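Visitor: I have a model open and would like to learn how to read it. Where should we begin?

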Amino acid sequence: MVQTDEESKVKKNPDLQPPEYKARKKIRYQNMGYNTDKHVIYVTNRLNILSHYSKHISNSNIPCCNCCGENSHVDFLGIDHIAGKNQMDSEPKLIKLGYSSKLKGKVLINWIMENNYPKGFQILCHNCNVAKGLIGNNNICTHETIRQEETFARMEEQSSFEL
Ligand SMILES: [Zn+2]
Ligand SMILES: [Zn+2]
């Protein structure tokens, strides 16, 4: 069905939606069944992945961010492509397993599980993930840049003491 500009504008702005539209949308979401078995499987698989990489990369028994340590809730965490989503398209080991940067959401989660948690991923909180992905940050979270600067500053301080 072709959508007119007017219709898409209404869809994007809840204030413009007539009450019937909102009610229909609510029913549709309810019917999608967020409590169905499929959703439970998704949540379980996601938790397994968060736990696995946190254990192996951050040495933590509970899911946490590998950069800042955030561990208050799994909703704040996500799966990060360490080398970058698109860069991983040219990683021979991952290509062999059928990796593609097009894998997203549930499909990515299923792929990671089916391939027994391949290397190349880590868990980051959404804050660190966004900072890492900002243009000009070269795939490094700002926390890491600050840590490096502090280390250099300390090293400089120490070397000037020795002079
Ligand atoms: Zn973090
Ligand atoms: Zn960070």
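Guide: Begin with burial: a residue is buried if 20 or more other C-beta atoms lie within 10 Å of its own, exposed if 12 or fewer, and partly exposed in between. C67 has 23 other C-beta atoms within 10 Å, so C67 is buried. Keep in mind that this is a predicted model.

Visitor: Where does C67 lie in the chain?

Guide: C67 is in the loop between α3 and β1.

Visitor: Which residues is C67 in contact with, leaving aside its neighbours within four places in sequence?

Guide: Contact here means that two C-beta atoms, placed from the backbone, lie within 7 Å. By that test C67 is in contact with L124, C128, C141, H143 and E144. Take C128 from that list: C67 and C128 are 61 residues apart along the chain, while their C-alpha atoms are separated by 6.9 Å. Not counting residues up to four places away in sequence, C128 itself touches C65, C67, C68, C141 and H143.

Visitor: How much can I trust the model, and where is confidence lowest?

Guide: Read the pLDDT, which is the predictor's confidence in each residue, from 0 to 100. The chain averages 88, and 87% of the residues score at least 70. Confidence is lowest in helix α1 (residues 5-12), with a mean of 66, and highest in β2, at 98.

Visitor: How many helices and strands are there?

Guide: The protein chain has seven helices and two strands. Along the sequence they follow the pattern α-α-α-β-α-α-β-α-α.

Visitor: How do I check the length of a helix?

Guide: Compare the expected span with the distance between the ends. Helix α3 (residues 37-58) has 22 residues and should span 32 Å at 1.5 Å a residue; its end C-alpha atoms are 30 Å apart, which agrees.

Visitor: Which residues of α3 are buried?

Guide: They are R46, I49, Y53 and S54. Seen down the axis of α3, these buried residues fall within an arc of 125 degrees, so they line one face of the helix. They pack against β1 (77-81), α5 (105-114) and β2 (121-125). The face turned away from the buried side carries the exposed residues D37, V40 and T44.

Visitor: What about a nonpolar core?

Guide: In soluble globular proteins, nonpolar side chains tend to be buried together. Here the largest nonpolar core has 15 residues, and those with the most contacts inside it are C65, C67, I112, I123, L124, C125 and C128. At least two residues of this core come from each of α3, α5 and β2. The element giving the most is β2, with four residues. For the chain as a whole, buried residues make up 15% of the 163 residues.

Visitor: Which backbone angles deserve a look?

Guide: Look for a positive phi at a residue that is not a glycine. Y117, in the loop between α5 and β2, has a positive phi of about 50 degrees. N139, in the loop between α6 (126-133) and α7 (142-162), has one of about 65 degrees. Just after α3, N59 takes a positive phi of about 55 degrees.

Visitor: Why does Y117 count as partly exposed?

Guide: Y117 has 13 C-beta neighbours inside 10 Å, so it falls in the partly exposed class. N139 counts as partly exposed too, because it has 14 such neighbours.

Notes
Residues numbered from 1 in each chain as written. Chains lettered and ligands numbered in written order. Predicted model: local features only at pLDDT ≥ 70, side-chain atom pairs only at ≥ 80, totals over all residues. Expected span 1.5 Å × (residues − 1). Arc of directions from axis to C-beta. Core = buried A, V, L, I, M, F, W, Y, C linked by C-beta atoms within 7 Å.
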